[in-house]
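Biologist: I've got the sequence and the coordinates up on screen. Can we go through them piece by piece?

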Amino acid sequence: MTAEIPDIVTSFLRIASSDDPGDAEAIAACFSEDAEVTDEGETRRGRVAIRQWWRGPATAYRYTVQVRGRLARGDDRNVLFVRLLGNFPGGVVDLAYRFTARDGLVSKLVISPPTRGEKLDSAPPT
């Protein structure tokens, strides 16, 4: 697929990768009112829960986000393969961020290790 990464996903990554990623309001603004985020096996629904996730487990450690590749699954679904480097146990982890966009906002984000069937189809976005 040649579809571009939605602007809202790029905005999310910019905030998450910033020197001060603690802006829960800016993160929540990337999501629809009824959005879902699944991280560490727990699903949060709605912007209030997403703010709480961002203020808690999502930013409990300091880390950098390196996008290593992408798998497009249509105009509204993208899997970004990321490497987190930080002060968490182990110091490095490779994850898949599975974004679904709707009406210019993220409606779903699932963060977990890549599955066997997920393969990179492009170099990291610039």
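Biologist: Leaving aside its neighbours within four places in sequence, which residues is R55 in contact with?

Modeller: First, the ground rules: this is a predicted model, where local features need pLDDT of at least 70, side-chain atom pairs count only at pLDDT 80 or more, and totals for chains, interfaces and linings use all residues. Residues are numbered from 1 along each chain as its sequence is written, and side-chain values use heavy atoms, with hydrogens and water left out. R55 belongs to helix α3 (helices, H or I of at least four residues, and strands, E of at least two, are DSSP runs numbered from the N terminus). With contact meaning heavy atoms within 4.5 Å, and setting aside neighbours within four places in sequence, R55 touches A24 and E25.

Biologist: Is R55 buried or exposed, and at what relative accessible area?

Modeller: The scale runs like this: buried is under 20% relative accessible area, exposed is over 50%, and partly exposed is in between (1.4 Å probe, protein chains only). R55 lands in the exposed class because its relative accessible area is 54%.

Biologist: And how far apart in space are R55 and R68?

Modeller: In sequence, R55 and R68 are 13 residues apart. C-alpha to C-alpha, the distance between R55 and R68 is 25 Å.

Biologist: What separation do the C-alpha atoms of G69 and R83 have?

Modeller: G69 lies in strand β3, and it counts as buried because its relative accessibility is 0%. Along the chain, G69 and R83 are 14 residues apart. Their C-alpha atoms are separated by 9.9 Å.

Biologist: What arc do the buried residues of α1 cover around the axis?

Modeller: The buried residues of α1 are I8, V9, F12, L13, I15 and A16.

Biologist: Which exposed residues does the face of α1 turned away from its buried side carry?

Modeller: An α-helix has 3.6 residues a turn, so residues three or four places apart point the same way. On the face of α1 turned away from the buried side, the exposed residues are D7 and R14.

Biologist: How many bridges join β1 to β2?

Modeller: Two strands pair if DSSP finds at least two bridges between them. β1 also pairs with β6, in the parallel sense over five bridges, with F31 partnered by V106. β1 and β2 run antiparallel, with V37 opposite R44 and T38 opposite T43. The number of bridges joining β1 to β2 is four.

Biologist: In the hairpin of β1 and β2, what phi does E40 take?

Modeller: Most residues other than glycine have a negative phi. E40 sits in the loop between β1 (31–39) and β2 (42–45), in a hairpin with two residues between the strands. E40 counts as exposed because its relative accessible area is 65%. Its phi is positive, near 55°.

Biologist: Where is D103 found?

Modeller: D103 has a positive phi too, about 55°, although it is not a glycine. Its 75% relative accessibility is why D103 counts as exposed. D103 is in the loop between β5 (92–102) and β6 (105–112).

Biologist: What volume does the largest pocket have?

Modeller: On a 1 Å grid over the protein atoms alone, a pocket is an open set of points where a 1.4 Å probe fits, with protein on both sides within 12 Å along at least five of seven lines. Grid points are joined across faces, edges and corners, and a volume is the space filled by probe spheres set on the points. For the largest pocket, the volume is about 420 Å³.

Biologist: Which residues that line the largest pocket are the closest to its centre?

Modeller: Lining residues have an atom within 4 Å of a point, and the largest pocket has 20 of them. Of the 20, the closest to the centre are D39, E40, L84, V93 and L95.

Biologist: Where does the largest share of the lining of the largest pocket come from?

Modeller: α3 (47–55), β5 and β6 each supply at least two lining residues. The largest share is four residues, and it comes from β5.
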